Amino acid sequence: MVGLSLGEKHFIQGGIDQNLRSDGRKRDTYRPISVETGVIPQANGSARIRIGATEVIASVKAELGRPNALQPDKGKVSIFVDCSPVAEPMFEGRGGEELSTELSVALQRCLLGGKSGAGAGIDLSSLIVAEGKICWDLYIDGLVISSDGNLLDALGAAIKAALSNTGIPRVQVAAGASGDEQPEVDISDEEFMQFNTSGIPVIVTLTKVGRHYIVDATSEEESQMSSAVSVSINRKGHICGLSKRGSAGLDPSVISDMISVARHISEQLINKLDSEISAAEADEDEM
């Protein structure tokens, strides 16, 4: 928890009112973003994202499984976040567990849509190998290395980069299996399919401090927030998910305005991330 004096609180809120934050940014500006891919060799895909002093890693592990009986034409994705006590002393014990759960649930909501899979930013149908019988299960793990605010946006960006880095082995399904019988499969060690990330959204969190809302809030700014709305938006401008934090209520017209602002900012963020991911993957290929 960030402890601020009364003077520091007034300084932060006054800067936001004047559209000149304490680190020199405007209300709608992100801190510098850097991307590194392939950071965990044992995973099918991985990435490290730094946004200012916030640093997170996401990894993707793919395993063959059986589709859910209610969704035989879709694969499965699970997301789990671990908040390292090294990143923040408050992550020690229950504080870290509660935040890990909160972030995991928010990421599921923002990236996977409703329980039916409607609105999902990740195309679950692309994970099917044999309908009703075999699918890919993706296990996505996020790790918070260093925390200085805006963890949800950083984790969302890391997952997008890690999925872009993910190679899924090509699978040949043997013919002849009948009924509930599981068909035999041949998993290639040499041929991999790149995961299609064109529809995967970015997450833009707007944090309300005083009368204004800001993007990419630092820990100090978050300590002064009344509420925050996180919107996941894909390249086409479609809303894939929504998550709210904070006890203060928001008028529907304010939420509508926040979504409009998030849409505009998401275009810049997607272009920036795509550029950084491409550069990171080019560097990885050269190594």
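The model is predicted, so local features need pLDDT of at least 70 and side-chain atom pairs count only at pLDDT 80 or more, while totals for chains, interfaces and linings use all residues. Residues are numbered from 1 along each chain as its sequence is written, and side-chain values use heavy atoms, with hydrogens and water left out.

**The sheet**

- Four strands make an open, antiparallel sheet in the order E10-E9-E11-E12; strands (E, at least two residues) and helices (H or I, at least four) are DSSP runs numbered from the N terminus, and two strands pair if DSSP finds at least two bridges between them.
- At the edges sit strand E10 (212-215) and strand E12 (239-245), each pairing on one side only.
- On average, neighbouring strands of this sheet are turned by 20 degrees against each other, direction ignored; axes are lines fitted to C-alpha atoms, for helices over the stretch in contact, and angles run from 0 to 180 degrees between N-to-C directions.

**Strand partners**

- Strand E9 (residues 202-209) and strand E11 (residues 227-233) run antiparallel and are joined by seven bridges, with Thr207 opposite Ala228 in E11.
- E11 and E12 also run antiparallel, joined by six bridges, and here Ser230 stands opposite Ser243 in E12.
- The hairpin of E11 and E12 has five residues between the strands, and Gly237 there takes a positive phi near 85 degrees.

**Helices across the sheet**

- Helix H3 (residues 151-164) lies across E9 and E11, at about 175 degrees to E9; contact means heavy atoms within 4.5 Å.
- Helix H5 (residues 252-286) lies across E9, E10, E11 and E12, at about 135 degrees to E9.

**Record annotation**

- An unreviewed UniProt entry places "domain: Exoribonuclease phosphorolytic" at residues 30-169 and 199-263; such annotations may be inferred rather than shown by experiment.
- Residues 199-263 are 25% helix and 40% strand, with end C-alpha atoms 15 Å apart.

**The second largest pocket**

- This pocket holds about 300 Å³ of space; a pocket is an open set of points on a 1 Å grid over the protein atoms alone, where a 1.4 Å probe fits, with protein on both sides within 12 Å along at least five of seven lines, and lining residues have an atom within 4 Å of a point.
- Among its 17 lining residues, Asp123, Ser126, Leu127, Phe195 and Asn196 are the closest to the centre.

Methods
Grid points are joined across faces, edges and corners, and a volume is the space filled by probe spheres set on the points.
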